[in-house]
Amino acid sequence: MMAEDIIIEPIITEKSNDGLQEGKYTFKVNKKATKVDIARAVEKLFEVKVLSVNTITVKGKEKRVGRSVGRTSDWKKAIVTIDTNPSEVSYKAEGGKTKKVSKKYKDSIDEFMGA
């Protein structure tokens, strides 16, 4: 599955806007996507470092049109927490030398609010 197929659309509600200050972004995602798939897709599309992913399967609502009763389809919601303070990572390489790796990560998703 490609990253564009996994992330369907952002969810913009009052509750999801409160989470933006903490680095939590809410997306409607493909029902078959796993947490690892979602994390990789968000990192690829928005160039941010994902710390955690929480998923919820939202059950469809019952709807009526005249006498007939039906249901809307179930869908999956993902709350993605990103690293708001990306820093350099250092580790010991061969020979006891310390290596520093600094990838260029963003600290927010600018495209989320349509900016």
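The model is predicted, so local features need pLDDT of at least 70 and side-chain atom pairs count only at pLDDT 80 or more, while totals for chains, interfaces and linings use all residues. Residues are numbered from 1 along each chain as its sequence is written, and side-chain values use heavy atoms, with hydrogens and water left out.

Me: Why is Ser16 called buried?
Reply: Buried means under 20% relative accessible area, exposed means over 50%, and partly exposed lies in between (1.4 Å probe, protein chains only). Ser16 has a relative accessible area of 7%, so it is buried. Ser16 is found in helix α2, residues 14-18; helices here are DSSP runs of H or I with at least four residues, and strands are runs of E with at least two, numbered from the N terminus.

Me: What does Ser16 touch?
Reply: Not counting residues up to four places away in sequence, Ser16 touches Ile11, Lys24 and Thr26. Contact means heavy atoms within 4.5 Å.

Me: Why is Ala33 called buried?
Reply: Ala33 has a relative accessible area of 2%, so it falls in the buried class. Ala33 is found in the loop between β2 and α3. Its contacts, not counting residues up to four places away in sequence, are Met1, Ile6, Ile38 and Lys76.

Me: How do you know what span to expect of helix α3?
Reply: The expected span is 1.5 Å times one less than the number of residues. Helix α3 (residues 35-46) has 12 residues, and its 16 Å from first C-alpha to last is close to the 16 Å expected.

Me: What makes the buried residues of α3 line one face?
Reply: The buried residues of α3 are Ile38, Ala39, Ala41, Val42 and Phe46. Seen down the axis of α3, they fall within an arc of 165°, so they line one face of the helix. The arc is that of the directions from the helix axis to the C-beta atoms. On the other side of α3, Arg40 and Lys44 are exposed. An α-helix has 3.6 residues a turn, so residues three or four places apart point the same way.
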